[in-house]
Amino acid sequence: MLIKSKKGWEIPEREATPQEIFFNRRRFLKTTGLVLASAASMGLGACDGEAEESGAGAGASGTSSDPTADLYPVTRNERYMIERELTPKSISSTYNNFYEFGSHKRIYDKAQELKIRPWQVVIDGEVNNPETLDIDTLIRAMPLEERLYRHRCVEAWSMTVPWSGFALKELVKRADPKSSARYVRMETFQDPDMASGQRQYWYPWPYVEGLTMEEATNDLAFMVTGVYGEPLPKQYGAPIRLAVPWKYGFKSIKSIVRFTFTSQRPVSFWEEINPQEYGFWANVNPEVPHPRWSQATEEVLGTGKRVPTQLFNGYGEYVAGLYKDMQDKPIYF
Ligand code: MTE
C-alpha cells in the first residue's frame, strides 16, 4: 500500500527487491552462548540476533480467537501518514526481535508458546489511581485507532507497519500520576518455563524500558494492541507493546505486564547489558554512529534498498522540542 502525503520524513527512493534475496544474506553477528560479562566486551547488543534463512512468508498470526478480535480493524489516524510502502505482513511477522524466545530473528514459531490470556497489567508507583487490570478491560476502555509508523532498529534496518492501539498518554491520564512521577518504567512478563530465552540466565530479565513523562505523554508514544487490522500476533509482543517510532526499536518493549510511575530513571535491559552502546534516550540520529556500525543509512526490509536515515526517524516535527535543552549532551542520543 502506498500512502501519499508530503511530510518531513519522506524518503523518495523506492525500489523493490525480492524478499528471498534479502533474506538469503546472513548479515548479523552470531550471539549464541555468550555470558553477560563477555556479552558487553564482545559487543553483544540489541537487534544483534542472527538472521536465519528460510521461513519468510509464513507469517503466523492465529488471532481470530482473540477476545478482542471484534474491535479490529480500527479507524486510521490520518495525522501520521507516511510516504513509504507498508512492509508486507509476511515479512514483518517473520523477522522479529523477541529475545524471550531466542536471540535470532526467526522466533515467530517459538513465540506462539506465549500465553496471552489471562493477562493482567499492573499500574503502580507514583500515581493516584493504582490498579491491576485485565488486558481486555484495558483495551476496551481505550480509544483505539490505527497509525502507520516507521520502525528503525539500531541495527540499521527499518520497516513500516500499520499498528492499532491507543496513545500512551491515555493510560497516563487514567493512572493520574503524582507530581513526583518523572518516568514511566515498563516491564515485560517473566516466565522462563514458557519463554525459553529467559532461561539464558546471563540476560538481566525481565526486559525493562522507560520513558520520561514528557515522552510518554507525547502523542506519538503509542501502545500497540493490533497490527494489519487484527489483534497483535504473539511474535510482535502481544497482547500489548510500545511503539516509539522516533527512537531505536529496542525502546519499543513487548508484552508489557507493568507500568510503574517513578521519580527514578529506569535502567533498561540493553543499557544494563552494555551502557556504552545502548543509552536511555536512544533517539534515532544518523550522525551518531553506534560504536560498532554507522547509523547513516538503513535497509528497508523487503526491498533490499538502503536509504538515508532521518534525525528522529523523520518525526522531529513532533518530538524535537522534547530535547531542545539537551542537544550538546551525549545523552541526547
Ligand atoms: N521487547 C522485549 N520484551 N524483548 C525483546 O527482545 N526487542 C526489541 C523490541 N522490544 C525486544 C522487545 C527490539 S531490539 C526491537 S528492534 C523490536 O522490539 C522489534 O520489534 P518487532 O519484532 O515487532 O519488529
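I139 counts as buried, because its relative accessible area is 2% (buried means under 20%, exposed over 50% and partly exposed in between, with a 1.4 Å probe and protein chains only). The model is a predicted one with residues numbered from 1 along each chain as its sequence is written. Local features need pLDDT of at least 70, side-chain atom pairs count only at 80 or more, totals for chains, interfaces and linings use all residues, and side-chain values use heavy atoms, without hydrogens or water.

I139 sits in helix α4, which covers residues 135–141 (helices, H or I, of at least four residues and strands, E, of at least two are DSSP runs, numbered from the N terminus). I139 is 85 residues away from V224 in sequence, while their C-alpha atoms are 9.9 Å apart in space.

V127 is found in the loop between β1 and β2, the latter made of residues 131–134, and V127 counts as buried because its relative accessible area is 4%. Its C-alpha atom is 5.1 Å from that of K178, although V127 and K178 are 51 residues apart along the chain. A221 belongs to the loop that runs between α6 (213–216) and β7 (222–227), and with a relative accessible area of 0% A221 is buried as well. Between the C-alpha atoms of A221 and V244 there are 5.0 Å, with 23 residues separating the two along the chain. V284, finally, is placed in the loop between α7 (269–273) and β11 (297–300), where V284 is buried at a relative accessible area of 0%. V284 and Y248 are 36 residues apart along the chain, and their C-alpha atoms are separated by 5.7 Å.

The backbone also has some places that deserve a second look. Most residues other than glycine have a negative phi, and most peptide bonds are trans. Against that background, R117 and P118 are joined by a cis peptide bond with omega of about -10°, and P118 is located in the loop between α3 (89–92) and β1 (120–125). A cis peptide bond also connects A238 and P239, here with omega of about -5°, and P239 is part of the loop between β8 (230–231) and β9 (241–243).

Positive phi values can be followed in two other loops. A156, which is not a glycine, has a positive phi near 80°, and A156 occupies the loop between β3 (145–152) and β4 (157–167). A156 counts as buried because its relative accessibility is 5%. D176, likewise a residue other than glycine, has a positive phi near 55°, and D176 falls in the loop between α5 (168–175) and β5 (183–188). At a relative accessibility of 38%, D176 counts as partly exposed.

Now to the ligand itself. How many residues surround the ligand? There are 18, and the closest of them are Y99, E100, R241, S252 and K254 (a residue belongs here if one of its heavy atoms lies within 4 Å of the molecule). By kind, the shell around the ligand holds nine nonpolar, six polar and three charged residues (Asp, Glu, Lys and Arg are charged; Ala, Val, Leu, Ile, Met, Phe, Trp, Tyr, Cys and Pro are nonpolar; the others, Gly among them, are polar).

A polar backbone atom of N97 is 3.2 Å from an oxygen atom of the ligand, and a backbone N or O atom of Y99 is 2.7 Å from a ligand oxygen. A polar backbone atom of S252, by contrast, faces a nitrogen atom of the ligand at 2.8 Å. Taken alone, the ligand would expose 530 Å², and the protein buries 100% of that area (Shrake-Rupley method, 1.4 Å probe).

Methods:
Polar contact = N/O pair within 3.5 Å; in protein donor to acceptor, adjacent residues only side chain to side chain.
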